Amino acid sequence: MQDSPMQPEDDDTAFDRSLADLDKAAWKAALIAQADDHGMSQGLGARHFATFIDKKPILLVTFETIQGIRALSETAQPLGSDMVKAQGWSHLCILSDGDTWFRHDEVYAFFDQLIDDGFFEDFERVVFYGAGPCGYAAAAYSVASPGATVIAVQPQATLEPRMTEWDDRFIEMRRSDFTSRYGYAPDMLDAADRAFVLYDPRETLDAMHAALFARTNVTRLRMPFMGGALQTRLIEMKLLYRLLSLAGSDKLTERKFFELYRARRDNVAYLRSLTAHLDQVERPYLNMMLCRNVTSRMWVRRMKRRLDQLEQAAAAGEFKAPPAPAE
């Protein structure tokens, strides 16, 4: 993760330590020890635990999976660690072993205790973040901190089968309770100051869940042709930490997001998806324009090959090519 802002002079180098070479048990022990040195940690049953880094009075609350951290971070540190290093923020990380949607009594009790202790009242601003099942949790548990800002990437609203029987991706979760404590994520956002739901409208099930989040305090941010791994794309475009930083300074808006989102013009996965779509809908003229633009700016082997094919097809009279760009 390379898009962190400038680091403050009082940065603690403990968070630079790489945990990537540790096995799962040693990694968890190291993460807990790191948290205990700078805040606290707490076990939350067999599949969850929490770490807290106590720094400045801006708090980032992230929901992450062990597997996700170890796959996405070169140092195998939680994504909030970069905000601790770069901004000096405090960071509460709730971790799960696998995708659990954090639907367990120990997690409910943990947030109940935080509320009873007035934990969130000690911070000037609180930002909740998560993606996918973790995005669901970020929205659902944000109710514990009224006035928080929430960024949820591809969140599910619920997996209660009577509400979302059309989502057949997570059948194994249908026996889980999504109706009691911290249950229906869109309703839990009512206490938030603002929430941002990021999704690709071409991913049908993600878009259906996003529609359920329609609220006056929720801004739905469409990211078409980005596919089903939006968090990875945000990291590739070096946008994730910018969005979190803006949220922490109360400056994140829809307009600002789309200004930053112009970075997609250089994202190879996005460009490949877009050219594949133009092929699918049989728009060779537009596809040729796209491939020309991209190959004039960067090297993308697949798009250069597609441009060559389109030029050959145009020369054979299969379609009229767009005018050649001016020299």
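# Buried residues, helix contacts and ring pairs

User: Is Ala76 buried or exposed?

Analyst: The relative accessibility of Ala76 is 2%. Buried means under 20% relative accessible area, exposed over 50%, and partly exposed in between (1.4 Å probe, protein chains only). Since 2% is under 20%, Ala76 counts as buried.

User: What kind of model is this?

Analyst: Residues are numbered from 1 along each chain as its sequence is written, and side-chain values use heavy atoms, with hydrogens and water left out. Local features need pLDDT of at least 70, side-chain atom pairs count only at pLDDT 80 or more, and totals for chains, interfaces and linings use all residues, for the model is predicted.

User: Near what value is the phi of Ala76?

Analyst: Ala76 is found in the loop between helix H2 (66-72) and helix H3 (80-87). Helices (H or I, at least four residues) and strands (E, at least two) are DSSP runs, numbered from the N terminus. The phi of Ala76 is positive although the residue is not glycine, and its value is near 60 degrees.

User: Where is Phe102?

Analyst: Phe102 has a positive phi near 60 degrees and is a residue other than glycine. Its relative accessibility is 1%, so Phe102 counts as buried. Its place is in the loop between strand E4 (89-96) and H4.

User: How many residues of helix H5 (residues 133-141) are buried?

Analyst: Among the buried residues of H5 are Pro133, Cys134, Gly135 and Tyr136. Others in H5 that are buried include Ala137, Ala138 and Tyr141. The helix is mostly covered, and the number of its nine residues that are buried is nine.

User: What covers the buried residues of H5?

Analyst: The cover comes from both helices and strands. The helices include H4 (105-116) and H7 (185-188). The strands include E3 (56-65), E5 (125-131) and E6 (149-153).

User: Which residues is Ile69 in contact with, leaving aside its neighbours within four places in sequence?

Analyst: Ile69 is found in helix H2 and counts as buried because its relative accessibility is 3%. Contact means heavy atoms within 4.5 Å. Leaving aside neighbours within four places in sequence, the partners of Ile69 are Trp27, Glu64, Ala76, Gln77, Pro78 and Leu95.

User: How are H3 and H10 placed relative to each other?

Analyst: The axes of H3 and helix H10 (residues 240-248) come within 11 Å and cross at roughly 60 degrees. Axes are lines fitted to C-alpha atoms, for helices over the stretch in contact, and angles run from 0 to 180 degrees between N-to-C directions. Angles under 35 degrees count as roughly parallel, over 145 as roughly antiparallel, 65 to 115 as roughly perpendicular and the rest as oblique. The relation of H3 and H10 is therefore oblique.

User: Which residues make the contact of H3 and H10?

Analyst: From H3, the contact takes in Asp82, Met83 and Gln87. From H10, the residues are Tyr241, Leu244 and Ser245.

User: How does H12 lie relative to H14?

Analyst: Helix H12 (residues 268-280) and helix H14 (residues 301-315) have axes that come within 10 Å and cross at roughly 25 degrees. That angle makes H12, relative to H14, roughly parallel.

User: Which residues of H12 and H14 make the contact?

Analyst: H12 contributes Leu271, Arg272, Thr275 and Asp279. H14 contributes Arg302, Met303 and Arg306.

User: What kind of pair do the rings of Phe52 and Phe123 form?

Analyst: Rings of Phe, Tyr and Trp (its six-membered ring) pair if their centres lie within 6.5 Å; planes under 30 degrees apart count as stacked, over 60 as edge-to-face and the rest as tilted. Phe52 in strand E2 (residues 48-53) and Phe123 in the loop between H4 and E5 are 71 residues apart, and both are buried. Their ring centres are 6.3 Å apart and their planes stand at 85 degrees, so the pair is edge-to-face.

User: Which residues do ring pairs link into a cluster?

Analyst: A search of the whole structure finds 18 aromatic pairs. One of them joins Phe110 and Phe111, edge-to-face, at 5.7 Å centre to centre and 85 degrees between the planes. Both Phe110 and Phe111 are buried. The cluster consists of Phe63, Phe102, Tyr108, Phe110, Phe111, Tyr141 and Tyr182.

User: How far apart in space are Arg292 and Thr75, C-alpha to C-alpha?

Analyst: Arg292 lies in helix H13 (residues 284-297) and is buried because its relative accessible area is 19%. Its contacts beyond four places in sequence include Leu307 and Pro322. Arg292 and Thr75 are 217 residues apart in sequence, and their C-alpha to C-alpha distance in space is 38 Å.
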